[in-house]
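Here is a short tour for anyone opening this model for the first time. Have a look at the picture, then read on.

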Amino acid sequence: MTPLIEIDAVSKRFVKELDIAERTAKLIGSNVEPVRVHAVDDVSLSIHKGEVLGLVGESGCGKSTLGRMVAGLLTPSEGTIRFRGRDVATVKGAEARDAALKVQMVFQDPMSSLNPRLRVGELIGEAPRVHRVRPRREIGAYVDDLLGRVGLDPVMAKRYPHQFSGGQRARIGIARALAVEPDFLVCDESVAALDVSIQAQILNLFMRLREDLDLTYLFISHDLGVVEHISDRIAVMYLGRLVELGGSEDVLARPNHPYTQALVAEIPTLQTSKKIYSAIKGEIPSPLDPPPGCHFHPRCPHAFARCREERPLLKEVAPGRFSACHLNDETGARATA
Ligand code: SF4
């Protein structure tokens, strides 16, 4: 079956060109060059209909950039993103509009994307009115229905965004994304700003909506502990690259890549007597100047000479299980070790 979303060898580079002073300095012999950041580096992934793929990694690893490319908010520098088998960069007209509406994004801070001067009913009803998802006369009832779906009282449609709590604003952000009847949601740190108890409520809401509306999610979070509750599969990114991919339970029970092992060791448990803190050593390196070979080698407790020179490729180490670590070549498949 064709995956709903296919990310094929996608990279994203951001380039800061020289300003006029730097160009002048270069003319007289200064060694300044444009700054290039390789935010996403040759990532391939498929997401199937009805699936929840959790995408995790530390801040700055490129996961949000990848999510924004999937949602059509950024254009890949290289590679292809396909929606229902069609390259989204080449579709035109009604098909392009349909693809854009069918993939929506739910942000961490809905306040930053909500016009404070509009009532919530107008904010949610705007896109379905403009895109004619519903006839104009039905928009009011449609907004009421959406508010009910996300657990808010329809009378709240008359309030302004600042009159809501953080959890309620998260629900408004979800209702707004749902308003154009998407098939696929990119949720970028959508519960990160919430208290733990509210996080659980919003995660439960995401799961209920998945069942009710047959949705598919790319769920982005820096917190593996959040992603484990909602994801069917987990993908781990480090400094722009995908380093591990597999079924959630399998990845959490038997992490293969040393970076994933460190992330899993940091998930808090209720068994405090057994808690082992193994904070990942060092800071994530600057994406302006990533380490050669395996980007993780300066922080990896298992690094050896090859790691400093050769990029490890993502390879299947067990059925449905992928990891990018040279140790798998040295010691055979370690996924089930
Ligand atoms: Fe560590 Fe080497 Fe594996 Fe990278 S390739 S994670 S440095 S052992």
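Which residue is the bridge partner of Asp188 in β8? Ile220 is the one.

## Before you start

What you see is a predicted model, where local features need pLDDT of at least 70 and side-chain atom pairs count only at pLDDT 80 or more, while totals for chains, interfaces and linings use all residues. Residues are numbered from 1 along each chain as its sequence is written, and side-chain values use heavy atoms, with hydrogens and water left out.

## The sheet

Eight strands make up an open sheet with mixed pairing, in the order β6-β7-β8-β3-β9-β10-β12-β11. Strands here are DSSP runs of E with at least two residues, helices are runs of H or I with at least four, and both are numbered from the N terminus. Two strands pair if DSSP finds at least two bridges between them. β6 (103-106) and β11 (315-318) each have a single partner strand, so one side of each has no neighbour in the sheet. On average, neighbouring strands are turned by 25 degrees against each other, direction ignored.

Back at β7 (residues 184-188), five bridges link this strand to β8 (residues 216-221), and the two run parallel. At β11, three bridges join the strand to β12 (residues 321-323), this time antiparallel. Ala318 stands opposite Arg321 in β12. β11 and β12 form a hairpin with two residues between them, and Gly320 in the turn has a positive phi of about 75 degrees.

Now for α5 (residues 120-130) and α6 (residues 139-149): they pack at an angle of about 115 degrees, with axes 9 Å apart. Axes are lines fitted to C-alpha atoms, for helices over the stretch in contact, and angles run from 0 to 180 degrees between N-to-C directions. That makes α5 roughly perpendicular to α6 (under 35 degrees is roughly parallel, over 145 roughly antiparallel, 65 to 115 roughly perpendicular, the rest oblique).

Contact means heavy atoms within 4.5 Å. On the α5 side, Val120, Gly121, Ile124, Gly125, Pro128 and Arg129 take part, and they meet Ile139, Tyr142, Val143, Leu146 and Leu147 of α6.

## An aromatic pair

Tyr259 and Phe296 sit 5.2 Å apart, centre to centre, with 65 degrees between the planes, an edge-to-face pair. Rings of Phe, Tyr and Trp (its six-membered ring) pair if their centres lie within 6.5 Å; planes under 30 degrees apart are stacked, over 60 edge-to-face, the rest tilted. Tyr259 is in helix α11 (residues 258-265) and Phe296 in the loop between α11 and β11, so the pair ties together parts 37 residues apart in sequence.
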